[in-house]
Amino acid sequence: VKVRDFAIVFVLILIIATVFTPISVLPLIPLATYSYGWIQTGVLILIGEFIGALIAFGISRKYGLPLVSKLISLEQIQKYEKVLPEGNIFWAIVLIRIALPVDALSYVLGLFEKIKFRTFAFATLLGLIPGAFALSYIGSLETKYQIIAFIMAILVILIGYGIDVRYKIYKKRKQEALAAKLIGI
């Protein structure tokens with residue numbers, strides 16, 4: 001297999017993995033970084049994920065909630081909807097893209113008519129850049145450093161989840177206290 005052919009196959013696998021969410025390309029990233037270096041691999045990841053995101057968005061726009069609800073739970077869709085602000089949708093998509101997986105997000109965003117295709121495309125491209133290059137750089141490291149990076153990522157996710165849970169508990173207690181205060185008045 002020629003190196004160029006592998007690049008094409010790698011991008012196609014990335015597109016498929018983005019459109020069909022359970023597929024993962026993580027095991028292929030070290031092979032790609034070995035073949036191309038981390039910068040070119042980052043570009044390939046960006047291209048594949050971007051095209052896949054556009055396809056998922058288009059599928060969602062065309063077939064709507066009946067199809068998307070088969071891929072993603074209604075609870076997840078509502079969660080994403082709550083995160084999207086009314087204004088500054090572009091920057092919200094950029095930030096959400098940096099923080100959340102590509103696959104489900106593209107389908108969910110395709111459901112919202114307030115998001116124009118051009119806004120989605122540019123915000124998605126900008127939001128994918130950090131993750132694409134971070135993955136490719138980590139994929140270029142020795143295995144022991146990849147394991148350390150993986151453990152650190154898990155810790156960051158767990159800490160973020162813990163902060164989110166604590167915030168929700170705090171918010172609920174605050175609402176309960178306010179309700180109790182109002183009832184007492």
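Modeller: One definition to begin with: helix axes are lines fitted to C-alpha atoms over the stretch in contact, and angles run from 0 to 180 degrees between N-to-C directions. Note also that this is a predicted model.

Colleague: At what angle do α3 and α7 pack?
Modeller: The axes of α3 and α7 lie 8 Å apart. The crossing of these helices is right-handed. Their packing angle is about 145°.

Colleague: How many helices does the protein chain have?
Modeller: From the N terminus on, the elements run α-α-α-α-α-α-α-α. The chain has 0 strands, and its helices number 8.

Colleague: What share of the residues in the protein chain is buried?
Modeller: A residue is called buried when its relative accessible area is under 20%. The chain has 185 residues, and the buried share of them is 33%.

Colleague: How many aromatic pairs does a search of the whole structure find, and is the pair of phenylalanine 6 and phenylalanine 10 stacked or edge-to-face?
Modeller: The search of the whole structure gives 7 aromatic pairs. In the pair of phenylalanine 6 and phenylalanine 10, the ring centres are 5.9 Å apart with 25° between the planes. Planes under 30 degrees apart count as stacked, so this pair is stacked.

Colleague: By about how much of the helix are phenylalanine 6 and phenylalanine 10 separated?
Modeller: Both residues belong to helix α1, where they are 4 residues apart. Phenylalanine 6 is buried at 17% relative accessible area, and phenylalanine 10 is buried at 0%. Because they are 4 residues apart in α1, their separation is about one helical turn.

Colleague: Is the pair of phenylalanine 57 and phenylalanine 117 stacked or tilted?
Modeller: The ring centres of phenylalanine 57 and phenylalanine 117 are 5.9 Å apart. The planes stand at 50°, so the pair is tilted.

Colleague: How many residues apart are phenylalanine 57 and phenylalanine 117?
Modeller: Phenylalanine 57 sits in helix α3 (residues 38-71) and phenylalanine 117 in helix α7 (residues 117-139). The pair therefore links distant parts of the chain, and the two residues are 60 residues apart.

Colleague: Which residues form one aromatic cluster?
Modeller: Phenylalanine 6 and phenylalanine 10 pair with each other. The cluster is made up of Phe6, Phe10 and Tyr36.

Colleague: Is isoleucine 23 buried or partly exposed?
Modeller: Isoleucine 23 lies in the loop between α1 (3-19) and α2 (29-36). Leaving out residues up to four places away in sequence, isoleucine 23 touches Ile16 and Ala17. Its relative accessibility is 39%, so isoleucine 23 counts as partly exposed.

Colleague: How far apart in space are isoleucine 23 and methionine 152, C-alpha to C-alpha?
Modeller: In sequence, isoleucine 23 and methionine 152 are 129 residues apart. In space, their C-alpha to C-alpha distance is 23 Å.

How values were computed: Residues are numbered from 1 along each chain as its sequence is written. This is a predicted model: local features need pLDDT of at least 70, side-chain atom pairs count only at pLDDT 80 or more; totals for chains, interfaces and linings use all residues. Side-chain values use heavy atoms; hydrogens and water are left out. Buried means under 20% relative accessible area, exposed over 50%, partly exposed in between (1.4 Å probe, protein chains only). Contact means heavy atoms within 4.5 Å. Rings of Phe, Tyr and Trp (its six-membered ring) pair if their centres lie within 6.5 Å; planes under 30 degrees apart count as stacked, over 60 as edge-to-face and the rest as tilted. A crossing is left-handed if the near helix is turned anticlockwise from the far one by less than a right angle, and right-handed if clockwise.
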